[in-house]
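Colleague: Please put the model up, and then I will ask about chain B.

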Amino acid sequence: MVGDRETREKISGDAIEYLNAGLLKRGLLTRATHIVFLSPPLCITRAEIERIVAILDDSIGDMERTFGLG
Amino acid sequence: MNDTGDTGLSNEAALKEAANKHILMHASPYGALGSDSAKRILVEGKGCMVTDIDGNEFIDALAGLWLVNVGHGRAEIGAAMARQAGKLAYASSTQATTIPAIQLATRLSEITPGDLTTAFFCSGGSEAVESAIKIARQYHYFNGAPKRTKIIGRRGSYHGGTFGAMSVSGTRPQSEPFHGPFMPGVLHASPPYCYRCDFRQTYPSCDLLCADQIGQMIEYENPQTVAAVIAEPVSASNGIVVPPDDYWPRLRGICDQHGVLLITDEVINGFGRTGKMFACDHWGLVGDIMTMAKGLSSGYAPVGGVMCRPHVMAAFEGDNKLSHLLTYGGHAVACAITHRSAMCAGSACWPESSWSATGKRARKFPATPSNT
Ligand SMILES: Cc1ncc(COP(=O)(O)O)c(C=O)c1O
């Protein structure tokens, strides 16, 4: 994730911290830097994948709004 | 002293307090469990879900640390562990081997790329990388090239936390302040990370400058001083960097041209993580030495391994014994359950059969483990 698509400057540490807290709050264990790492067990179901995507969508959207990104 | 039995630590508060005081969590400050809400005590897992001591459920989108590929809570693996532990848990790694170790090594020789045939077992990814480096250096020593000791890694890579593995990792900015000086004779090349190209080039007009740079490094250093190049087929730590399709054929050719061994690190990539059994399989790539851990046991045992091709093993024949020993290498219980999860990996539930050509997952991949 970048804070500026032109310069490709990486997203700020504050935004990343906010995102990590948001993911956790919504029940997703992972690790986000300027990259959100996803490598779930390979026995994952479609419903679980959809849940991960929904949580990411909510959490990244929330971060973008809060930090004026996107 | 704390009573570690049920009496002293039976309630959540006591457990949390004890954990906070008595456990130094990896890559964390002391006392992190008490001060950082992202740290927790996990008590149970099933499939993709894990539960913490307070009863909160989470979806484990990282499979622990990129490894519980077959999912949490597979009781059949636990049963295999109990059977082997009741029979024979351990045999000296230098004086004996065990049936589970033989079964696992044989299975691995079947499923790993190309003619990778022989396994050296250890207890994790860092040990696998250390072992691969030591095998590579000794290979050259026994082949009459004792000066071939240098290792080339790539910037941004991660190959482990032990000293040699840390030294070949491209993590100098993080580790240098605390851990320098590093193992000497290590060089770091640029990764094939097109979005943030070190050369400010664009693929394909760059003509893979990043691969050619490794060739130039080898020539500059003198090929007779270089032992090996180590790299993940798909770099995970650097941000899941999939290289251009001609990167691996080019780099494999450069290594061959200079008699330099290629160590492919499949610790994260391996056992289905990239949609094929090994990431090397995307390009028909075969390292001379391949490291593995993580998905090898899906986290059910601390296991790592190094696979070697016959020409590497040929250097160790006769009086040329391997100068490297790890007490726990080839641990019988670890191999028994690893064999069990690798067997699962070779069965209908694994990527070759469960991912179609379009990359969509086919139905037969079993979801949450059925047993409890
Ligand atoms: C590519 C790679 N190699 C080696 C290692 C080291 O493995 P371990 O932590 O099991 O020692 C890791 C760990 O994340 C890794 O990602």
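This is a predicted model: local features need pLDDT of at least 70, side-chain atom pairs count only at pLDDT 80 or more; totals for chains, interfaces and linings use all residues.

Modeller: Residues are numbered from 1 along each chain as its sequence is written, while chains are lettered from A and ligands numbered from 1 in the order in which they are written.

Colleague: Over which residues of chain B does pLDDT stay under 50?

Modeller: pLDDT is the predictor's confidence in each residue, from 0 to 100. Chain B averages 90, and 89% of the residues score at least 70. The stretch where pLDDT stays under 50 is residues 346-372.

Colleague: How far apart are the C-alpha centres of domain 1 and domain 2 of chain B?

Modeller: Domain bounds come from an automatic or database domain assignment. In chain B they give domain 1 as 12-66 and domain 2 as 75-345. The distance between the two C-alpha centres is 30 Å.

Colleague: Is B:Asn238 buried or exposed?

Modeller: B:Asn238 is in the loop between strand 7 (226-231) and helix 10 (247-257) of chain B; helices (H or I, at least four residues) and strands (E, at least two) are DSSP runs, numbered from the N terminus. Buried means under 20% relative accessible area, exposed over 50%, and partly exposed in between (1.4 Å probe, protein chains only). Because its relative accessibility is 14%, B:Asn238 counts as buried.

Colleague: Which residue of chain A does B:Asn238 touch?

Modeller: Contact means heavy atoms within 4.5 Å. Leaving out residues up to four places away in sequence, B:Asn238 touches B:Arg155, B:Gly156, B:Pro191 and B:Tyr193, and from chain A, A:Ile35.

Colleague: What is omega for the peptide bond from B:Gly180 to B:Pro181?

Modeller: B:Pro181 lies in the loop between helix 8 (172-179) and strand 6 (186-189) of chain B. The bond that joins B:Gly180 to B:Pro181 is cis, and omega is near -5°.

Colleague: What is the relative accessibility of B:Ala27?

Modeller: B:Ala27 sits in the loop between helix 1 (12-22) and helix 2 (32-35) of chain B. Phi there is positive, about 50°, although B:Ala27 is not a glycine. B:Ala27 counts as exposed because its relative accessibility is 86%.

Key:
Side-chain values use heavy atoms; hydrogens and water are left out.
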